[in-house]
Amino acid sequence: MIKRRAFSIGLGATLLAACSTGSAPTRAPASRMRAVPNAGWDAWVASFKGRAASQGISQTTLNRAFQGAGYLPDVIERDRNQVEFKRSLEDYLAIAASDERISTGKQMLVRHAGTLSQIEAKYGVDKEIVVAVWGLESRYGARRGDVPVISATSTLAYDGRRGAFFEKQLVAALKIIQEGDTTPANMTGSWAGAMGHTQFIPTSYLAYAVDFTGDGRRDIWSEDPADSLASTAAYLSRAGWVRGQPWGGEAGTVSGTPVAVLQPQTPGPRIAVFRNFQVIKRYNNSDSYAIGVGHLADRIAGGSPFQASFGPDATGLTLEDRKELQRRLTSAGYDTQGADGVIGKNTEAAISAYQRANGLSVTGQPSVALLQRLGG
């Protein structure tokens with residue numbers, strides 16, 4: 001079976017990499033990526049067109065797709081500067097299953113109740129799981145990406161660092177256009193070509209996307225998320241989802257015999273997992289991602305937070321302490337851009353600014369002393 005991703009490249013990974021909070025989702029600001037002249041890319045495209053033609057891509061499709069396409073240097077910069085974020089499970093869940101994501105997920109479950117019930121009935125995948133994937137991948141459609149996929153994948157294929165993979169994605173994108181599911185102008189996504197509400201790469205789109213609305217197009221780019229949500233359920237179903245079985249949960253709270261019990265963080269909850277946990281990992285091969293999807297789904301369905309405490313971090317602060325630190329910094333005029341308890345760049349910058357303004361050693365790091373100094 002083709003994996004949806006050969007590596008984590010979608011917006012879900014990007015959104016969870018940074019400390020972010022907010023209210024109801026809004027569309028992301030327009031991308032600043034702009035094509036620039038590049039003779040090497042031009043020559044590569046000319047050569048590629050012959051290879052694409054040999055794989056069934058018509059000249060008409062090639063002409064349409066590359067009209068207005070170009071080399072995107074910002075895509076290369078993003079590819080070169082990917083940071084491997086290694087968040088603790090506690091921090092990951094603070095973002096993945098934040099109050100905002102839970103609240104919005106419940107709203108989406110109600111708003112799309114009819115469609116989601118039909119999807120669940122057809123594919124056997126719990127509607128809450130589908131909504132949770134949607135929430136992690138694009139914040140319920142708010143951040144689908146607006147980078148032209150033909151330009152992005154051709155730039156990355158030409159660059160050559162993962163040329164074979166991205167050339168395969170480019171050919172798949174051209175097939176999608178040729179089959180009439182969307183137009184070159186409408187085919188937008190992340191900087192690495194992941195598309196739609198639930199961030200399918202082009203090869204996975206060809207393998208798993210479905211036309212759930214019956215309009216003759218598998219339209220994962222539409223404001224209507226029906227085709228995207230159904231495509232996600234279809235993917236998980238074909239990956240081996242077991243109807244009626246839980247993904248897992250905190251050990252001692254779920255029935256049945258799990259396939260494994262994980263202890264991702266000590267101290268912290270022990271997570272009993274079933275086969276469906278491994279199916280979620282086919283979507284993104286990360287234990288934290290699969291736990292995040294499963295736990296968010298449970299919370300959207302009305303379930304409780306994990307009961308076991310994660311305890312204080314290396315600085316001696318608990319998650320609630322870190323949230324309080326962020327609130328106090330913001331009240332003091334050093335905005336942390338939210339209070340989710342995750343110490344990211346915004347919080348580090350706020351701490352540094354506070355330390356600098358108050359004649360303290362500038363470390364940018366939280367501490368019990370700093371929390372106490374900020375007072376109540």
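Which side chain meets that of aspartate 91 in a salt bridge? The partner is arginine 322, with 3.4 Å from N to O; a salt bridge is a side-chain nitrogen of Lys or Arg within 4 Å of a carboxyl oxygen of Asp or Glu. The two residues lie 231 residues apart and link distant parts of the chain, aspartate 91 being in helix α5 (residues 89-96) and arginine 322 in helix α15 (residues 319-331). Helices (H or I, at least four residues) and strands (E, at least two) are DSSP runs, numbered from the N terminus. In total, the structure holds 19 salt bridges.

The model is predicted, and local features need pLDDT of at least 70, side-chain atom pairs count only at pLDDT 80 or more, and totals for chains, interfaces and linings use all residues. Residues are numbered from 1 along each chain as its sequence is written, and side-chain values use heavy atoms, with hydrogens and water left out.

The protein chain is divided into domain 1 (39-82 + 142-239), domain 2 (89-138 + 242-301) and domain 3 (319-374), with bounds from an automatic or database domain assignment. The centres of domain 1 and domain 2, taken over C-alpha atoms, are separated by 28 Å. Their contact (heavy atoms within 4.5 Å) takes 21 residues from domain 1 and 18 residues from domain 2. About 1800 Å² is buried between these two domains, and carbon and sulfur atoms give 72% of this area. Buried area is the accessible area (1.4 Å probe) that two parts lose on being put together, summed over both. Of the area that domain 1 buries against domain 2, Phe212, Leu229 and Leu236 supply 34%, more than any other three residues.

Gly40, Trp41 and Trp44 of α2 meet Ser154, Thr155, Ala157 and Tyr158 of α9.
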